[in-house]
Amino acid sequence: MLDQSCCTNETCFDCRFWNEKVAWAANGDLVASRLPGGPNDRVARAGGWHYVIRPMDHTTPPQFLGFGGRLFTFRFNDGSEISSNNVMCQGEIPAHFRDRLPDNAAIIPVEPRPKTIPFGPLEGLTTENTR
Ligand SMILES: [Zn+2]
């Protein structure tokens, strides 16, 4: 018996969208890469939100990466950690899908930046220019 479902047979767009994610979870929390022959992307669910972790990408301009290239680190329930600057979010998992899409990870907060830079701002430049 479904709890608070949005439709009777889970045939609406939202239900089809989230049933696809249930299939990814059944596939070992993996989803096929967009890149032909690429490794599967990991699926993370943290705090009731759904994420796909694409491989770290240092060549694509940040505006084309997930969250503008923001670095995320996920710690999975098995203790493993993955960091990526190309994380895509599919949104908050609806209540009636939470039992089928339980959290499998937590997002580790990024270390706060130190208030002062530990070296002079031109240090790198001056050594470069005096060579
Ligand atoms: Zn529905």
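In the predicted model, strands S4 and S7 pair in the antiparallel sense, and four bridges join them. Within this pairing, threonine 73 has isoleucine 108 of S7 as its bridge partner. The two strands belong to an open sheet of three strands, arranged in the order S5-S4-S7 with antiparallel pairing. From one strand to the next, the twist averages 25 degrees.

A further open sheet consists of four strands in the order S1-S2-S3-S6, and its pairing is antiparallel. Its edges are formed by S1 and strand S6 (87-92), each of which pairs on one side only. Two bridges connect S1 with S2, again in the antiparallel sense. Here valine 31 stands opposite aspartate 41, a residue of S2. Strands of a sheet pair through backbone hydrogen bonds, in either a parallel or an antiparallel sense.

Asparagine 40 lies in the loop that runs between strand S1 (30-31) and S2. Asparagine 40 counts as partly exposed because 13 C-beta neighbours fall inside 10 Å, a count between the limit of 12 or fewer for exposed residues and that of 20 or more for buried ones. When neighbours within four places in sequence are left aside, the contacts of asparagine 40 are Leu30, Val31, Ala32 and Ser33. Aspartate 29 is eleven residues away from asparagine 40 along the chain, and the C-alpha atoms of these two residues are separated by 9.5 Å.

The largest nonpolar core comprises eleven residues, namely Trp24, Val31, Val43, Ala44, Tyr51, Val52, Ile53, Phe72, Phe74, Val87 and Ala105. Two or more residues are given to this core by each of strand S2 (41-46), strand S3 (49-53) and strand S4 (72-76). S3 provides the largest share, which amounts to three residues. In soluble globular proteins, nonpolar side chains tend to be buried together.

Valine 87 is one of the residues of this core. With residues up to four places away in sequence not counted, valine 87 touches Tyr51, Ile53, Gly66, Phe67 and Phe72. Among these contacts, Tyr51, Ile53 and Phe72 are themselves listed in the core. Val31, which stands opposite aspartate 41 and is in contact with asparagine 40, is also a core residue.

Definitions and conventions. Residues numbered from 1 in each chain as written. Predicted model: local features only at pLDDT ≥ 70, side-chain atom pairs only at ≥ 80, totals over all residues. Core = buried A, V, L, I, M, F, W, Y, C linked by C-beta atoms within 7 Å. Contact = placed C-beta atoms within 7 Å. Pairing = 2+ DSSP bridges. Axes fitted to C-alpha atoms, helices over the stretch in contact; angles between N-to-C directions.
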